[in-house]
Amino acid sequence: MGSLDGRVALITGAARGMGRAHAVRLAGEGADIIAIDICADFESTDYPGATAADLAETARLVGAQGRRILVREDDVRDAAAMDAVVADGMSEFGRIDIVIANAGIIRVTDCEHRRQTFRDIVEVNLVGAWNTVDAAIPALISGGRGGSIVLTSSTQGIKALGTDRAGPQAYAASKRALVALMQGWATQLAPHSIRVNTIHPSGVATDMILNDATMKLVAAEDPWIIAQQNALPIPLLQPEDIAGAVAWLVSDAGQFITGTSWPLDAGFMLRN
């Protein structure tokens, strides 16, 4: 028996990285999965986007856990698309119990189109999370079983490190704004036993960090990158580390936890 037997989790940004790790771990705990990813590049980022093949691999890994999965290539910035995903998920599984609004982008390097870069990052990270959760709330409430919502923020959403680059500025602002959304939803949904929390990882070994643009800044000892150091001797967390913590949080073991901002940061906040 898994800790999430019979439950259904909707996860955005599920094609790779933390989103895939959440899908596989929750499936291993008994949950069926609704996996969403745009599977495309963004002009405003400086690393490749996920692909349809990545999302197919997530589906394969979930299937290997013996669970069902519904996959959709959709853009979280499109509210109507998120409504349709929720409707499809309800038609397929009859319920939604968990929402992990994980889709996000960043640009760490300088850019020519600063204003567009700022807007694009905020629209994916913040507006996309709002679209996702807003679409899912009626399904969570109608189930009458409670539920759990997790918004993927960042240590930058607790304390932003100084930079004049539009990408990190937008990233920090959007991740901080997720805390405000979380607090409002946690209060609104508590009478329905629906819990809402943010998680705040430090650097995680995903394509958002492990790419040529970021590695060039590391090699150049860029001050903003060098400042991203954990207190524990762990340079980067693994996606599975974050997924393990989230699997506990969304289970009945965490049934009393709501309205919190949870640093999953290897002690990063001790030094910043």
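Helices (H or I, at least four residues) and strands (E, at least two) are DSSP runs, numbered from the N terminus. What you have open is a predicted model, where local features need pLDDT of at least 70, side-chain atom pairs count only at pLDDT 80 or more, and totals for chains, interfaces and linings use all residues. Residues are numbered from 1 along each chain as its sequence is written, and side-chain values use heavy atoms, with hydrogens and water left out.

**Stop one: two positive phi values**

Select Ser193, in the loop between helix 5 and strand 6 (194-201). Ser193 isn't a glycine, yet its phi is positive, about 60°. Most residues other than glycine have a negative phi.

Now jump to Glu221, in the loop between helix 6 (212-219) and helix 7. Glu221 also has a positive phi, near 55°. Is Glu221 buried or exposed? Glu221 counts as exposed, with 60% relative accessibility. (Buried means under 20% relative accessible area, exposed over 50%, and partly exposed in between, using a 1.4 Å probe and protein chains only.)

**Stop two: Gln156**

Pick Gln156, in the loop between strand 5 (147-152) and helix 5 (166-189). Gln156 is buried because its relative accessibility is 3%. Show what surrounds it: leaving aside neighbours within four places in sequence, Gln156 is in contact (heavy atoms within 4.5 Å) with Leu161, Tyr171, Ala172, Trp224, Gln228 and Phe268. Zoom in on Leu161, whose backbone nitrogen lies 3.2 Å from a polar atom of the Gln156 side chain.

**Stop three: Leu237**

Next, select Leu237, in the loop between helix 7 (223-226) and helix 8 (239-250). Leu237 is buried too, at 8% relative accessible area. Which residues does Leu237 touch, leaving aside its neighbours within four places in sequence? Its contacts are Ser202, Gly203, Val204, Ala205, Ile242, Leu264, Asp265 and Ala266. For a sense of distance, draw a line from the C-alpha of Leu237 to that of Glu43: the two are separated by 27 Å.

**Stop four: the cysteines**

Select Cys39, buried at 13% relative accessible area, then Cys111, buried at 19%.

Finish at the second largest pocket by selecting Arg7, Arg145, Gly146, Gly147 and Asp252, the closest to its centre of the 14 residues that line it. On a 1 Å grid over the protein atoms alone, a pocket is an open set of points where a 1.4 Å probe fits, with protein on both sides within 12 Å along at least five of seven lines; lining residues have an atom within 4 Å of a point.

Notes
Polar contact = N/O pair within 3.5 Å; in protein donor to acceptor, adjacent residues only side chain to side chain.
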